[in-house]
Amino acid sequence: MHSEARASTGLKIGAVAGLLFLHLPILLIFLYAFTTEERTYQFPPPGLTTEWFAVAWHREDIWPPLYLSLKVAAVSTALAMILGTLIAAAMARSRFFGREQIALLIILPIALPGVITGMSLRSAFAVMDIPFSTFTIVLGHATFCIVIVYNNAVARFRRLSGAVFEASADLGANGFQTLRYVLLPNLGSALLAGGMLAFALSFDEVIVTTFTAGQQSTLPIWMLNELVRPRQRPVTNVVAIVVFATTFVPILLAYYLTRGGSETAGGGK
Amino acid sequence: MTAAVSFHRVSRHFGSVRAVDQVNLTIEEGSFFAMLGPSGSGKTTCLRLISGFESPTSGEIRIFGQDVSHVPPNRRSVNTVFQDYALFPHMNVRDNVAYGPMVAGVGKAQRHAKAEEMLALVKLDGFGDRKPGQLSGGQRQRVALARALVNEPRVLLLDEPLGALDLKLREAMQDELKALQQRLGITFVFVTHDQGEALSMADHLAVFNEGKIAQIGTPAEIYDKPRTRFVADFVGSSNVLPPEVSERLGGGKRWSSLRPEALRLVAPEGAQLSGTVTGLRYLGAGTRVAVDVAGTEIAALAPSGADIPAAGAAVGLAFDAGALHLMEEA
Amino acid sequence: MTAAVSFHRVSRHFGSVRAVDQVNLTIEEGSFFAMLGPSGSGKTTCLRLISGFESPTSGEIRIFGQDVSHVPPNRRSVNTVFQDYALFPHMNVRDNVAYGPMVAGVGKAQRHAKAEEMLALVKLDGFGDRKPGQLSGGQRQRVALARALVNEPRVLLLDEPLGALDLKLREAMQDELKALQQRLGITFVFVTHDQGEALSMADHLAVFNEGKIAQIGTPAEIYDKPRTRFVADFVGSSNVLPPEVSERLGGGKRWSSLRPEALRLVAPEGAQLSGTVTGLRYLGAGTRVAVDVAGTEIAALAPSGADIPAAGAAVGLAFDAGALHLMEEA
Amino acid sequence: QLAALGTPEGQVNIVAWPGYIERGETMKEFDWVTKFEEATSCKVVVKTANTSDEMVALMNEGGFDLVTASGDASLRLVAGKRVQPINTDLIPSWNTVDERLQNAPWHTVDGVHYGTPYMWGPNVLMYNTEAFGDQPPTSWNVVFEEMTLPDGKSNKGRVQAYDGPIHVADAAQYLMTHKPELGITSPYELTEDQYKAALDLLRQQRELVGRYWHDAFIQMDDFKNEGVVASGSWPFQVNLLKSEGFPVSSVIPAEGATGWADTTMMHVDAEHPTCAYLWMEHTLSSNLQSDLSVWFGAVPSVPAACSDGRGMQTQEGCDANGLADFERIRFWTTPVSRCESQGECVPYYRWVSDYIGVIGGR
Amino acid sequence: MTGTSAILPERGLADRLSTLFWRRPKLLLLLLISPPLLWLGIVYLGSLAALLLQSFYSIDEFSGVVKEEFTLKTYGELFRAANMDIIIRTLVMSATVTITSAFVAFPIAYYAARYARGRWKAVFYLGIMLPLWSSYLVKVYAWKLILAKEGIITWAAEGIGAGFLLDAVLSLPWVGGNSLSTSFIGTWLVFVYVWMPFMILPMQASLERVPLSMLEASADLGASRRQTFRTVVLPLAMPGVIAGSIFTFSLTMGDYIIPQIVGTSARFIGQAVYQFQGTAGNIPLAAAFAMVPILIMLVYLALAKRGGAFDAL
Ligand SMILES: Nc1ncnc2c1ncn2[C@@H]1O[C@H](COP(=O)(O)OP(=O)(O)OP(=O)(O)O)[C@@H](O)[C@H]1O
Ligand SMILES: Nc1ncnc2c1ncn2[C@@H]1O[C@H](COP(=O)(O)OP(=O)(O)OP(=O)(O)O)[C@@H](O)[C@H]1O
Ligand SMILES: NCCCCNCCCN
Ligand SMILES: [Mg+2]
Ligand SMILES: [Mg+2]
């Protein structure tokens with residue numbers, strides 16, 4: 001298009017400067033995974049080394065939090081996917097009394113600050129005498145992951161014309177066959193994308209976890225401890241890089257799965 | 001002949017909207033039945049009542065004589081070609097067509113063979129591996145048709161299946177559909193709001209207006225003998241004359257209709273009707289001449305080659321006695 | 001008369017696609033000019049070249065004699081009615097219409113007065129406070145028209161403005177648009193792929209095919225004297241006869257066209273053409289009879305009231321000598 | 001109160017100040033956990049807390065066996081019935097504890113012991129030796145009054161204060177010397193007027209402080225990266241910074257110092273009582289007292305640990321850490337409204353909210 | 001094809017259930033919606049209710065034990081000047097961060113939505129997503145390093161001789177300080193950095209939904225680019241901006257980690273909640289504090305909904 005074919009210089013500068021603002025600090029995180037100074041973040045680094053990757057590998061205290069974080073994220077994501085899909089299906093199917101209120105309820109856990117979600121869950125656990133455990137962490141994480149899955153699923157439902165479900169019934173399929181052969185294949189990629197985003201969200205959550213974790217440490221909590229009370233600061237950066245590198249793939253995947261759709265992959269993390 | 005579908009005082013209300021209102025209807029087996037009417041007149045709702053996606057608020061629907069009130073869509077031997085085709089976007093053309101047999105439990109080899117047969121029927125052999133997204137509008141339409149026909153329905157419902165196609169393609173598909181129906185001998189129920197389409201394709205047609213059937217009959221009956229002003233106006237572009245004019249022209253004191261093509265332009269002196277030309281509309285095959293006859297605008301169709309009067313000219317209009325059709329409304 | 005718009009060997013290529021290819025074109029001031037052609041033939045691109053949303057790959061475009069190569073869209077005295085109307089959803093109807101004066105810096109009171117005047121022109125007085133979402137298709141179309149006219153353009157471009165409307169509304173709007181153009185006396189350039197629309201509305205029309213203009217002329221010229229098979233086939237639904245047949249019928253050895261309405265059904269004996277009936281198509285105002293004449297399908301239009309032969313019957317076809325139109329292609 | 005030890009439960013959960021329980025991770029030499037774990041098969045799980053308030057909160061919440069409570073927390077824990085009386089008979093080394101601590105009021109209520117003394121020490125004034133050169137500070141005024149430091153620059157923005165309400169006591173103690181007319185006798189027992197004066201001093205301090213410290217390690221960062229040159233601190237930070245070669249030193253200024261005397265206390269619902277008792281015994285009998293006093297720069301509660309060579313500490317070291325200053329240190333204790341010295345005092349909960357206000361600039 | 005019944009036979013339970021759901025669509029709806037509603041209704045709303053309840057309790061001032069008796073005393077405390085300071089400080093910060101984020105995010109979102117094509121589109125997507133998913137904590141600490149008095153900005157500013165500029169910024173009243181990392185400016189910068197990406201995505205999504213023909217219509221009617229931007233693009237992108245602002249506003253309002261690491265030690269609501277709940281054990285006051293963001297967000301959401309932001313979420 002003629003009048004809009006090229007971006008104005010101001011816009012280009014704004015966009016590039018914005019992206020640099022987002023990425024330069026991350027480069028710093030990378031840089032400090034290689035510094036030879038282990039206790040402080042001295043700038044510029046006195047020297048560079050790759051030893052921290054080996055050190056990190058052999059640090060036994062990393063593995064249990066990592067394992068716990070993976071477990072919590074996996075379980076929360078699974079739960080969120082089930083609940084998010086169900087509610088998206090219900091909301092997409094029909095208009096009913098209280099629909100608006102339910103829409104509000106779904107986004108509340110992500111719209112309210114995590115410290116509130118965390119605190120209220122914590123006081124509820126206290127009131128009901130529920131001891132802290134992996135289960136309580138999952139309870140917190142799944143609650144705010146539901147909306148991520150919901151957002152993705154509902155956008156896909158919106159895009160999928162309702163007529164395909166009718167076409168399926170029309171051709172003789174019962175509800176379960178329609179679910180199996182039409183709904184799931186079409187929803188699949190949106191769910192997968194939502195699931196991956198939910199997983200990443202849970203994996204990085206500190207605040208809610210702080211309130212619901214009791215004695216256990218997830219990886220972010222471990223990081224918080226490491227950062228506040230540094231022993232080998234570069235090890236923390238190594239872990240951050242590894243997490244960064246491993247989320248790169250699912251994010252890219254989520255992008256390609258929802259491309260062209262109206263889902264904003266990751267919108268409303 | 002048996003009735004393929006019959007409605008007995010069927011109504012479907014949505015809140016205060018009477019989408020379908022006390023409709024009685026019989027569709028004969030093997031016929032090509034069209035439902036015609038303006039937007040919102042209840043055509044789609046009628047179709048959905050037959051396929052089972054809506055349930056009547058009151059009244060009874062029978063398919064081949066059996067009451068289907070408690071039969072869900074998937075168990076009615078009726079199939080639908082949806083307006084936007086509703087092809088499954090994640091399946092290729094073959095799997096789309098083989099969907100019916102698949103959910104019925106037919107084995108892979110067999111259902112694929114069946115699908116290929118259907119694709120051949122709609123002249124899409126060799127397109128089996130494409131995804132719906134890779135087809136043109138007309139091709140999609142034919143896939144939807146093949147998919148609906150694969151289950152060998154006794155009644156095929158089509159909801160404005162040609163609405164999204166452009167004119168040339170539309171005319172070609174009209175011919176194809178008609179030929180197919182004649183070949184298969186099954187009942188087609190066809191919804192459209194395009195009167196040309198309804199007239200040229202249907203054996204019988206029902207004209208809907210505000211949830212009710214305004215008239216039902218063969219295309220010629222509807223076109224030539226509209227019962228009400230609404231029908232006369234909606235089907236084709238008739239001149240609708242008020243009772244006084246009808247009476248003056250030798251009909252009774254009722255509303256009458258007079259088709260433009262039945263009117264000839266003649267000299268004003270001694271003509272049955274006379275007035276001044278107010279507008280011209282070139283149609284290629286002829287020119288539509290609008291004439292103001294004592295305040296009533298009457299259109300006449302001048303065939304191509306005929307002398308076309310200029311706007312403002314005084315003209316007379318002549319017609320055969322039989323052309324004036326008296327309607328029921330007084 | 002001056003040329004409102006002229007193209008001098010204008011091309012617009014997108015990669016290897018020649019959307020517009022060496023087009024020469026002159027649109028006279030005050031005329032209603034239609035661009036007709038199948039999908040993808042370059043009509044929209046031509047319009048966008050005039051409005052300035054595309055720049056020609058080569059060639060020169062002049063508006064009222066001025067080369068506009070370096071004039072951006074917002075500085076051309078040309079306005080557009082977009083196919084999907086492109087009304088601003090966040091503004092009410094009045095603000096939509098007043099948008100042009102607003103960006104030109106006209107004060108609030110004055111531009112609102114102007115908007116109301118335009119709304120009156122398109123018969124939408126009193127709708128100023130509604131949002132576009134609260135209007136019907138036809139009403140939106142009229143808002144788009146008012147919005148484009150408010151700037152008093154010397155040329156108004158309309159890209160299939162009636163495409164989204166249903167038949168009845170469409171015909172009504174055709175009349176309104178035509179009347180408006182005559183009243184305002186400005187140049188309308190109108191894109192459509194509906195030949196009926198083009199024929200009935202335009203003073204002049206250009207038939208596009210694959211980026212080139214296949215023929216340009218008055219509607220009657222195009223309809224009655226198509227230059228190529230493509231035009232004959234695309235405009236109306238002519239019978240296109242191969243050179244041998246033309247020759248046998250007394251024309252030269254070139255392709256010819258013969259309009260169905262020029263053919264009369266007669267007894268087979270001694271008729272100019274004879275064959276068997278292969279299909280019938282009831283059109284209300286008449287019946288289209290397809291006749292197989294020695295392998296070539298020829299359609300004739302039997303007027304309503306005439307005797308319609310049954311399929312399979314042997315019939316003859318008669319026509320006046322002048323009806324056979326020899327085209328340029330050999 | 002436990003009557004006899006059972007079999008070790010395999011674990012003991014402890015809430016502790018940072019740096020209190022080391023297993024050789026920060027520095028290899030400082031390890032007083034590994035051997036205990038080997039000997040008793042009680043795994044030591046530590047949750048660190050940065051303020052006394054946090055400790056109380058954690059204990060209120062439960063799930064812990066022991067806490068190394070300072071004086072401003074211990075009585076709250078007793079009053080809140082969060083800790084249980086201990087049976088000193090089950091702790092063989094009890095009699096080796098410094099006699100001045102055995103019946104200290106912050107863990108002994110009506111003659112009942114609610115824990116074993118762990119360690120005590122002063123809140124010292126840490127300063128950057130380069131900034132002060134040959135004129136080391138002798139008064140807390142460097143953190144309370146705006147002044148030009150020996151390096152020629154103002155102290156504004158270069159001093160810190162503790163981000164805990166108990167810091168009000170440091171201000172009060174400063175006023176004891178500098179405004180004797182207020183008649184403060186204990187920095188933990190303040191009348192409305194005295195309290196108001198302390199808050200005013202703190203407001204004045206707010207102008208000097210860029211950011212308050214609430215975490216030992218962050219304070220160390222701030223000395224290194226934020227140009228902080230003086231602050232109330234713990235010997236722990238001083239020692240660690242020194243060991244890294246950073247130019248700091250510390251002093252107990254003329255006004256004296258507040259300090260802490262910590263007690264290992266046992267939760268009423270401790271799940272691992274036997275391991276808890278074994279740990280308490282371990283704190284008194286092993287190298288812990290000696291090494292910890294070196295590590296943290298504090299004074300052991302078992303005087304013998306200074307000299308019997310069970311760990312790294314020496315008599316000189318103990319003296320340097322303030323063994324002789326016991327009487328000069330005003331140990332943290334919770335301010336209550338009914339106070340011994342003057343009848344009606346400002347209670348702790350007001351300290352909490354008012355100090356938040358002071359930090360917020362009010 | 002004739003002769004068979006108009007009705008196909010029923011095959012097993014699945015068909016029977018389908019028929020049941022066809023006849024009673026409300027039943028299916030109920031089955032679908034119950035599990036998530038029970039979860040959100042019980043786990044989440046239940047917890048919020050528990051929190052609300054706690055805010056009507058008070059604590060015993062000496063032992064720190066919660067007294068479970070109804071009182072409004074705790075809410076009264078919320079209105080003390082020091083606490084009101086916290087609330088106002090937080091709201092001002094959240095609003096500032098949100099507005100700044102909108103300004104920084106807009107060019108990125110606009111470019112990504114309008115101009116980035118093909119591979120560049122993917123690059124932009126990753127460029128926006130990766131900061132979003134790289135560890136929040138590590139990023140915050142990286143910033144501490146950047147902002148410290150002896151940190152990278154000082155180093156760079158002095159390197160290019162712009163030290164005076166930095167000093168000028170730091171000497172601003174209220175927002176300045178001893179160093180960037182101990183000033184409100186620093187807190188604000190880090191907040192913007194960490195939460196701004198949450199603004200980009202909804203913004204981009206709603207910008208992508210602005211039809212090209214709308215922009216052409218505007219140009220056609222004589223508007224310059226700037227006019228088109230102001231009168232068409234911006235209003236149409238507004239739902240996305242509002243949707244994004246829900247995140248930046250709420251995330252800033254609740255964060256207690258950033259202001260603890262970078263800033264002046266003056267408390268924000270998140271810290272107050274965290275401190276009263278966690279370190280001070282004053283759960284009732286923490287709960288009362290928590291009600292502030294809840295109320296604010298409920299109002300915010302209601303307004304956002306009116307602005308059509310929910311569709312852009
Ligand atoms: N699910 C529904 N809920 C409420 N009203 C409905 C519903 N379905 C249809 N209607 C209303 O019933 C009336 C008839 O609708 P229907 O779709 O049958 O019309 P139609 O003749 O098919 O029109 P069109 O030509 O526009 O497709 C309309 O007024 C419509 O708004
Ligand atoms: N921006 C573009 N980039 C690439 N190809 C284009 C572009 N715009 C148009 N084309 C191609 O140019 C040709 C002409 O397109 P144009 O839109 O002018 O056709 P049209 O006659 O308006 O068709 P329709 O009736 O379908 O609107 C088509 O093949 C089209 O695919
Ligand atoms: N990358 C860390 C972002 C954490 C966002 N958490 C939002 C949860 C809201 N309850
Ligand atoms: Mg319909
Ligand atoms: Mg076009």
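A residue is near a ligand if one of its heavy atoms lies within 4 Å of it. The model is predicted, so local features need pLDDT of at least 70 and side-chain atom pairs count only at pLDDT 80 or more, while totals for chains, interfaces and linings use all residues. Residues are numbered from 1 along each chain as its sequence is written, chains are lettered from A and ligands numbered from 1 in the order in which they are written, and side-chain values use heavy atoms, with hydrogens and water left out.

**View 1. The residues around ligand 1 in chain B.** The shell around ligand 1 has 13 residues, and B:Ser39, B:Gly40, B:Lys43, B:Thr44 and B:Thr45 come nearest. By class, four residues of this shell are nonpolar, seven are polar and two are charged. Here Ala, Val, Leu, Ile, Met, Phe, Trp, Tyr, Cys and Pro count as nonpolar, Asp, Glu, Lys and Arg as charged, and the others, Gly among them, as polar.

**View 2. Polar contacts and cover of ligand 1.** A polar contact is a pair of N or O atoms within 3.5 Å; within protein, one must be able to donate a hydrogen and the other to accept it, and residues adjacent in sequence count only if both atoms are side-chain atoms. The side chain of B:Ser39 has an N or O atom 2.5 Å from an oxygen atom of ligand 1. For B:Gly40, a polar backbone atom is 2.7 Å from a ligand 1 oxygen atom. B:Glu160 places a polar side-chain atom 3.4 Å from an oxygen atom of ligand 1. Ligand 1 has 640 Å² of accessible area on its own, and the protein covers 61% of it. Accessible areas come from the Shrake-Rupley method with a 1.4 Å probe; for residues, only the protein chains shown count as cover. In chain B, strand 2 (17–28) and helix 1 (43–51) are the elements that give two or more residues to the shell around ligand 1. Helix 1 of chain B gives the largest share, three residues. Helices (H or I, at least four residues) and strands (E, at least two) are DSSP runs, numbered from the N terminus.

**View 3. Ligand 2 and its shell in chain C.** Ligand 2 has 13 residues around it, of which C:Ser39, C:Gly40, C:Lys43, C:Thr44 and C:Thr45 come nearest. From an oxygen atom of ligand 2, a polar side-chain atom of C:Ser39 lies 2.5 Å away. A polar backbone atom of C:Ser41 is 3.1 Å from an oxygen atom of ligand 2, and an N or O atom in the side chain of C:Thr44 is 2.6 Å from a ligand 2 oxygen atom. Of the 630 Å² of accessible area that ligand 2 has on its own, the protein covers 61%. At least two residues of the shell come from each of strand 2 (17–28) and helix 1 (43–51) of chain C. The largest share, three residues, is supplied by helix 1 of chain C.

**View 4. The two domains of chain B.** An automatic or database domain assignment sets the domain bounds. Chain B is assigned domain 1 (3–230) and domain 2 (237–326), with centres, taken over C-alpha atoms, 38 Å apart. Six residues of domain 1 are in contact with six residues of domain 2, where contact means heavy atoms within 4.5 Å. About 570 Å² is buried between these domains, and carbon and sulfur atoms give 52% of that area. B:Tyr223, B:Pro226 and B:Arg229 supply 83% of the area that domain 1 buries against domain 2, more than any other three residues. Buried area is the accessible area (1.4 Å probe) that two parts lose on being put together, summed over both.

**View 5. The contact of chain B with chain E.** Chain B gives 23 residues to this contact and chain E gives 15. The buried area is about 1,600 Å², 54% of it from carbon and sulfur atoms. On the chain B side, B:Gln66, B:Arg75 and B:Arg154 lose the most area to chain E, together 37% of what that side buries.

**View 6. The contact of chain A with chain E.** Chains A and E share the most contacts of the eight pairs of chains in contact. The contact joins 92 residues of chain E to 95 residues of chain A. These chains bury about 8,700 Å² between them, with 79% on carbon and sulfur atoms. E:Trp39, E:Tyr44 and E:Trp133 supply 10% of the area that chain E buries against chain A, more than any other three residues.
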